[in-house]
Amino acid sequence: MLKKKAHFPAMSVTIVNKESVLLSKTYGDCISTSSPFLLGSVSKSFTALCIMQLVEQNKLSLNANLNQYLKNATDGDKITIKQLFNHTSGLGEHQNLTNYKIVTKQNEHKYANVNYSLLGKIIEKVSGISYDDYVTQNIFKPLKIINSATNYETSINNKLITGYQNWFGINIKTKPKFPNNDKAWIATSAGYLSASTADLGKYLQMYLRGGEGIISLESINAMFYDGVKVDSSIPYNYAMGWTNLKEPLTETVLRHSGLVETGMSTIYILPEREIGIAI
């Protein structure tokens, strides 16, 4: 019914609270909530978490300029790590790691994937290991996340679900354009992690439980709420890999969505009800 009416070949949903999984359900061609999907920009919340871990370890500062960590960064003396976080760097929406530069007014929100592509490079520089290894060692393994990945080969080995593009109501099987060099339109750290909703449930529970030793509650609150207003018909703030909004809703909602050529994803946290949702 979902495939016929909504043109969704497959969907997976997991809902959790602090203690348990409240709902684990699949639709269409997805047979298990352990099946990984590409996350799109939901990947940004993982990158933000890595950066905040490094901040807690005093290995970098949110107020430092980009060129303190990436010596040859274009406009690196004019852009701070915090500006990359909340998309106020002035970098352009369609830029990549080979051609980025300040093209819009700084300190005003302008969503640009290259901000989080650069944050991925900073994680590698500061930690001394690859982005892949850092996420695996510091997020996936401690949380017992087993069907998620930061590279295409592992995603395929984890049985990444077949993706489709919708062309005028017709779904066509499509191979993802996984980034393989700095000229790619978006880096892994900005949009190409893969994860199952079962794994995302564990990830969201970590936040609901106050960090579980992965990150401090203080850093979590900064990631959720230390943001800038986004000029939109619905008022919301963009913080650090998460957006937060309340009006016109009756309660605060924390979220991030993602879109790549083969699908969509969204994560939510309802802090007042202590519930996390992954779709």
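The model is predicted. Its largest pocket has a volume of about 740 Å³, while the second largest pocket holds about 340 Å³ of space.

**Largest pocket**

- The lining of the largest pocket is made up of 36 residues, and those that lie nearest the centre of this pocket are Ala10, Phe37, Thr262, Gly263 and Met264.
- At least two lining residues come from each of the strands S1 (10-16), S3 (37-38), S4 (164-167), S5 (170-173), S10 (253-260) and S11 (263-270), and helix H8 (197-208) likewise supplies at least two.
- Strand S11 gives the largest share of this lining, with 5 residues.
- By residue class, the lining of the largest pocket divides into 19 nonpolar, 13 polar and 4 charged residues.

**Second largest pocket**

- Around the second largest pocket there are 20 lining residues, of which Lys121, Glu124, Asp182, Ala187 and Thr188 lie nearest its centre.
- Helix H4 (114-127), helix H5 (131-140) and helix H7 (188-191) are the elements that each supply at least two residues of this lining.
- The largest share, 4 residues, comes from helix H4.
- The lining of the second largest pocket comprises 7 nonpolar, 9 polar and 4 charged residues.

**The two linings side by side**

- For the largest pocket, strand S11 supplies the largest share of the lining, whereas for the second largest pocket that share comes from helix H4.
- The count of charged residues is 4 in the lining of the largest pocket, and it is 4 in the lining of the second largest pocket.

Methods
Residues numbered from 1 in each chain as written. Predicted model: local features only at pLDDT ≥ 70, side-chain atom pairs only at ≥ 80, totals over all residues. Heavy atoms only, no water. 1 Å grid on protein atoms, 1.4 Å probe; cavity = no way out; pocket = protein on both sides within 12 Å on 5 of 7 lines; lining within 4 Å. Points joined across faces, edges and corners; volume = space filled by probe spheres on them. Nonpolar A, V, L, I, M, F, W, Y, C, P; charged D, E, K, R; others polar.
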